[in-house]
Amino acid sequence: MLPLIIGGIVGILTSGSMDYNDLVKPVLSPPEIVFPIAWTIIYLLIGISYMLLKEKGEVSKETKQLYFIQLLFNYLWTFIFFVFRLRLLSVLWIIILDVLVIVMTYQFYKQDKLSSILLIPYVLWLLFATYLNISIYFLNI
C-alpha cells in the first residue's frame, strides 16, 4: 500500500503549511475534514488497482513508469500548493496530473478492466480538485 503510506507521510510533512481555511474558496468547496478521508480511500484504491494488475502479471514497463510518475506528481502537488504556495504552478501541475491519471486509467483498462474501474474515483476526485485549484487561484489573486 505504497500510495497510502507515502500519502500519509506527505500529509504529515505538509500539515503545518495548510492554509485551506484562510483561502477564499469556491461555492462547492467541501469542509477541510473531507480531504484526508477522500485521499485515504483514493490511495487505497490506487494501491489495490495496481496490485491487481501486478498480480495478473500484466504491468508493462510503460504502465509501471506512468503509475509511479503520476504518484510523484500527486505527492509533489501538495508541496507546490500548500508549502510553497505557488498557486499558478499548482494549477498547471494538477492539469498535467489529470492527463497522467487519465492516460494511466486507460492503460490499466487495456490490461485489466477491474483495475481501471477502481481508478474512477481518483479521476473524478482529481477533476474536482482541479476545479478547486483553479477557482482558488483566481479567487485569491
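Which helix gives the most to the nonpolar patch? The legends below refer to a predicted model, and the first of them takes up this question.

**View 1. A nonpolar patch on the surface, formed by Val83, Phe84, Leu86, Leu88, Leu89 and Leu92.** Together these side chains present about 530 Å² of accessible area. Helix α4, spanning residues 87-111, gives the most to the patch, with three residues. Leu86 is placed in the loop between α3 (61-83) and α4.

**View 2. Helix α3 and the residue Arg85 that comes after the helix.** Helix α3 comprises 23 residues. From its first C-alpha to its last, α3 reaches 33 Å, close to the 33 Å expected at 1.5 Å a residue. Arg85 lies in the loop between α3 and α4. Its phi is positive, near 55°, in a residue other than glycine. Most residues other than glycine have a negative phi. The relative accessible area of Arg85 is 44%, so this residue is partly exposed.

**View 3. A network of salt bridges that links Asp19, Arg85 and Arg87.** The side chains of Asp19 and Arg85 meet in a salt bridge, at 3.1 Å from N to O. This pair links distant parts of the chain, 66 residues apart: Asp19 is in the loop between α1 and α2, and Arg85 is in the loop between α3 and α4. Asp19 also meets the side chain of Arg87 in a salt bridge, at 2.4 Å from N to O. Because Arg87 lies in helix α4 and Asp19 in the loop between α1 and α2, the pair ties together parts that are 68 residues apart in sequence. Asp19 is buried, with a relative accessible area of 8%. Arg87 is likewise buried, at 12%, whereas Arg85 is partly exposed, at 44%.

**View 4. The salt bridge between Asp112 and Lys56.** The closest N and O atoms of this pair are 2.9 Å apart. Asp112 lies in the loop between α4 and α5 (113-117) and Lys56 in the loop between α2 and α3, so the contact ties together parts that are 56 residues apart in sequence. Asp112 is buried, with a relative accessible area of 10%, while Lys56 counts as partly exposed at 47%. The count of salt bridges in the model comes to three.

**View 5. The largest pocket, lined by 27 residues.** About 630 Å³ of space lies in this pocket. Met18, Phe35, Pro36, Trp39 and Phe82 are the lining residues that lie nearest its centre. Helices α1, α2 (34-55), α3, α4 and α6 (120-139) each supply at least two residues of the lining.

**View 6. Gly11 in helix α1, which spans residues 2-14.** Gly11 has a relative accessibility of 31% and therefore counts as partly exposed. Gly11 and Glu32 are 21 residues apart in sequence. In space, the two residues are 13 Å apart, C-alpha to C-alpha.

Conventions
Residues are numbered from 1 along each chain as its sequence is written. This is a predicted model: local features need pLDDT of at least 70, side-chain atom pairs count only at pLDDT 80 or more; totals for chains, interfaces and linings use all residues. Side-chain values use heavy atoms; hydrogens and water are left out. Patches are made of residues with over 30% relative accessible area and no salt bridge: like charges are joined within 9 Å, nonpolar side chains (Val, Leu, Ile, Met, Phe, Trp, Tyr) within 5 Å. Accessible areas come from the Shrake-Rupley method with a 1.4 Å probe; for residues, only the protein chains shown count as cover. A salt bridge is a side-chain nitrogen of Lys or Arg within 4 Å of a carboxyl oxygen of Asp or Glu. Helices (H or I, at least four residues) and strands (E, at least two) are DSSP runs, numbered from the N terminus. Buried means under 20% relative accessible area, exposed over 50%, partly exposed in between (1.4 Å probe, protein chains only). The expected span of a helix is 1.5 Å times one less than its number of residues. On a 1 Å grid over the protein atoms alone, a cavity is a set of points where a 1.4 Å probe fits but cannot get out, and a pocket is an open set with protein on both sides within 12 Å along at least five of seven lines; lining residues have an atom within 4 Å of a point. Grid points are joined across faces, edges and corners, and a volume is the space filled by probe spheres set on the points.
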